[in-house]
Amino acid sequence: MAGIATGWLLAFGGANAALYAIWWRRTRGERTFLRGVLAAGVDPIQAAWWLGASWDGASPQQQRYAAEVAVRLLILAGDAEVDGAGRITVPRGRLGTQKDPVRAALVTILRRHEGATVYELLEDSRFARFRKVLRSRRPPLRTRFGTYRAPSLAAALVTAFGLSLHAMITRCPVPGLPFRDPGIWTTAWIPLWAVLAALAAIWPAGTSRPWPLTRHCRAAVTRALADEDSDTSYRVSVVSSSTPPDRRPRPGTTSSRPADSPSRSDRTAPRHDLDDAADADTHEGGSDGGDFGGGD
């Protein structure tokens, strides 16, 4: 029995060792990048890429938050300003001394096009060059750990069931039990699988972030924007980043003014169609209020 258990448990350990070797090989470049970043200090724009948003639990590698942080850093340096409508412009006479490629490109583009909002920077074709420069600062890191836990759990199941079946075929009793009946293995494999599955669960979940970088990134963004006022943060992250309301008429709608003048009887009769239109406008107005999204 000792030889059977040793062989199957070694197979289980070998399967997990193989998974670890695969993970180590796939993440070699990422680990090299992380060592360099942590040694030199996390760049706030790269940190914003990795954070994805100002709140915890946001999806990483989001371009919007990286653009917002770049704009806020530019405003904090005095090379740009934002008005109440969220439009970002370069002050007159300000030459700009930004050495950072992203912020330097942002100053040039804002001056050339006489300002923009964050939404336009991310969606308008005129600012494609800025988006290209911004993407060059995206950390070369995967956003999910990967599917390593599932193969390890499968190996745990195969090991527990295979060991029990092997022991039952060779008529080995379950160790530690007073009964000598090998048939007990038909149920004894279940607690064995539970123990091996608990070991397999040490692997992080496939959707979790693979690198402990969030805390460093949050601290880098906080330090870089420590002197920013809350009004600027709100204008950039909420007003300037929001989708502009669509003022074009919706397809299928008709003019509110009829082509022919109604008759006297029509004017005196109740107009249920106007009441329905008013109700529809009320519902549409309530839904349009949700256009302002985003966040710091």
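Me: Before we start, what counts as buried here?
Reply: In this predicted model, the call rests on relative accessible area, worked out with a 1.4 Å probe and protein chains only. Exposed means over 50%, partly exposed sits in between, and buried means under 20%.

Me: OK, so is Gln 61 buried or exposed?
Reply: Gln 61 sits in the loop between α3 (44-51) and α4 (63-76). Its phi is near 60°, a positive value in a residue other than glycine. Its relative accessible area is 6%, so Gln 61 is buried.

Me: And Glu 114, buried or exposed?
Reply: Glu 114 isn't a glycine either, yet its phi is positive, about 60°. You'll find Glu 114 in the loop between α5 (101-112) and α6 (118-123). With a relative accessible area of 65%, Glu 114 comes out as exposed.

Me: Let's move to helix α8. Which residues does Ser 152 touch, leaving aside its neighbours within four places in sequence?
Reply: Ser 152 belongs to helix α8, residues 149-169. Its relative accessibility is 0%, so Ser 152 counts as buried. Beyond those sequence neighbours, the residues in contact with Ser 152 are Phe 12, Asn 16, Leu 19, Ala 200 and Trp 203.

Me: What about Phe 161: which residues make a nonpolar surface patch with it?
Reply: Phe 161 is in helix α8 too. At 45% relative accessible area, Phe 161 is partly exposed. The patch covers about 310 Å², and Phe 161 makes it together with Leu 165 and Ile 169.

Terms used
Residues numbered from 1 in each chain as written. Predicted model: local features only at pLDDT ≥ 70, side-chain atom pairs only at ≥ 80, totals over all residues. Heavy atoms only, no water. Helix = DSSP H or I, 4+ residues; strand = E, 2+ residues; numbered from the N terminus. Contact = heavy atoms within 4.5 Å. Patch = residues over 30% accessible without salt bridge, like charges linked within 9 Å, V, L, I, M, F, W, Y side chains within 5 Å. Areas by Shrake-Rupley, 256 points an atom, 1.4 Å probe, with all protein chains shown as cover. Salt bridge = Lys/Arg side-chain N within 4 Å of Asp/Glu carboxyl O.
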